[in-house]
Amino acid sequence: MFQSKHRRQSLVTAIGGALLMLLSSASGLIAQNATEIVRQADQKQRGKSSEATLTIRIVRPSYSREMMMHTWSKGSDLALVLVTAPAREKGTVFLKRKREVWNWLPSIERTVKLPPSMMSESWMGTDFTNDDLVREASVVDDYTHTLLGEASIEGESCYKVQLIPKKEAAVVWGKVILWIEKKELLILRAEYYDEDGSLVNTLSGSDVKKIGGRMVVTRLEMVPADKPGNKTILSYTDLKFDLPLKDELFRTESMQTVK
């Protein structure tokens, strides 16, 4: 009798352990899948390298203005942004090398290194932050990812993924939620929250086109939550991927001569 009861308890313990291992394994697989979804979506828009021309339109309740830019990127560590219009800002350059960001100001002929505290500041009066433009932080390496489920954006089925910053990561946001279209892994919507959990900005992606051999979002609209009537629209006019860009392009010495 005792032996039979003991065998049942051992069997229950073994099944419980197996279930715990299975649940633990499944949880790890889901987390891994969420990270992989974000990694592929980030790689889709970034490529091994890229070169782009784009227009930024800043809309305010009483006025609007436009800027034009030329950008280059290589991997996730190197990026260069050159403002080509209007004349007042023409020649302004932002350079990212790994975790460091510099700004060349032609009006005073000075190169300024941006401190991490400025990455959350507005980029040239737009609704994008400095971090949005040069991507100092990595949506893959600086956050943990949780797949919240599925949702629809403009009729497109999307993965809904939550990003929480890692303890050691120096990032702008307290939480980010992404809607990633399932077929092409395109980010169609992103919500950015502060450390108190309040919504700060919402980014919407649209005008999906085949450029440079891949389907990409060519229009991004950033809308601040607390400023009615304000928004910034970024539109790509040309975009090329996987070009043989030299590392020399991404040196501080290049900021004064890049065209």
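For this tour, Ala, Val, Leu, Ile, Met, Phe, Trp, Tyr, Cys and Pro count as nonpolar, Asp, Glu, Lys and Arg as charged, and the others, Gly among them, as polar. Keep in mind that you're looking at a predicted model.

**Stop 1: the second largest pocket**

Select I153, E154, E156, E181, E184, L186, L188, G205, S206, V208 and M215, and you have the lining of the second largest pocket. Colour that selection by class and you'll get five nonpolar, two polar and four charged residues. The space in this pocket comes to about 160 Å³. Which strand gives the largest share of the lining? That's β11, with three residues.

**Stop 2: the largest pocket**

Stay with β11, which covers residues 199-211. This strand also supplies the largest share of the lining of the largest pocket, again three residues. Here the volume is about 240 Å³. To find the middle, pick D127, V200, N201, P224 and K227: of the 15 lining residues, these are the closest to the pocket's centre. By class, the lining splits into six nonpolar, five polar and four charged residues.

**Stop 3: T71**

Now jump to strand β2, residues 63-74, and click on T71. Is T71 buried or exposed? Its relative accessible area is 15%, and buried means under 20%, so T71 counts as buried. Next, show what surrounds this residue. Skipping neighbours within four places in sequence, T71 is in contact with S50, E51, A52 and L54, and also with L80 and V81.

**Stop 4**

Select residues 93-97 for β4 and 100-105 for β5. The two strands run antiparallel and are joined by five bridges. Zoom in on R97, and you'll find its bridge partner, E100, in β5. Two residues sit between the strands of this hairpin. Click on K98 while you're here: its phi is positive, near 55 degrees.

**Stop 5: on to β6**

Look for L105, whose bridge partner in β6 is R110.

Definitions and conventions: Residues are numbered from 1 along each chain as its sequence is written. This is a predicted model: local features need pLDDT of at least 70, side-chain atom pairs count only at pLDDT 80 or more; totals for chains, interfaces and linings use all residues. Side-chain values use heavy atoms; hydrogens and water are left out. On a 1 Å grid over the protein atoms alone, a cavity is a set of points where a 1.4 Å probe fits but cannot get out, and a pocket is an open set with protein on both sides within 12 Å along at least five of seven lines; lining residues have an atom within 4 Å of a point. Grid points are joined across faces, edges and corners, and a volume is the space filled by probe spheres set on the points. Helices (H or I, at least four residues) and strands (E, at least two) are DSSP runs, numbered from the N terminus. Buried means under 20% relative accessible area, exposed over 50%, partly exposed in between (1.4 Å probe, protein chains only). Contact means heavy atoms within 4.5 Å. Two strands pair if DSSP finds at least two bridges between them.
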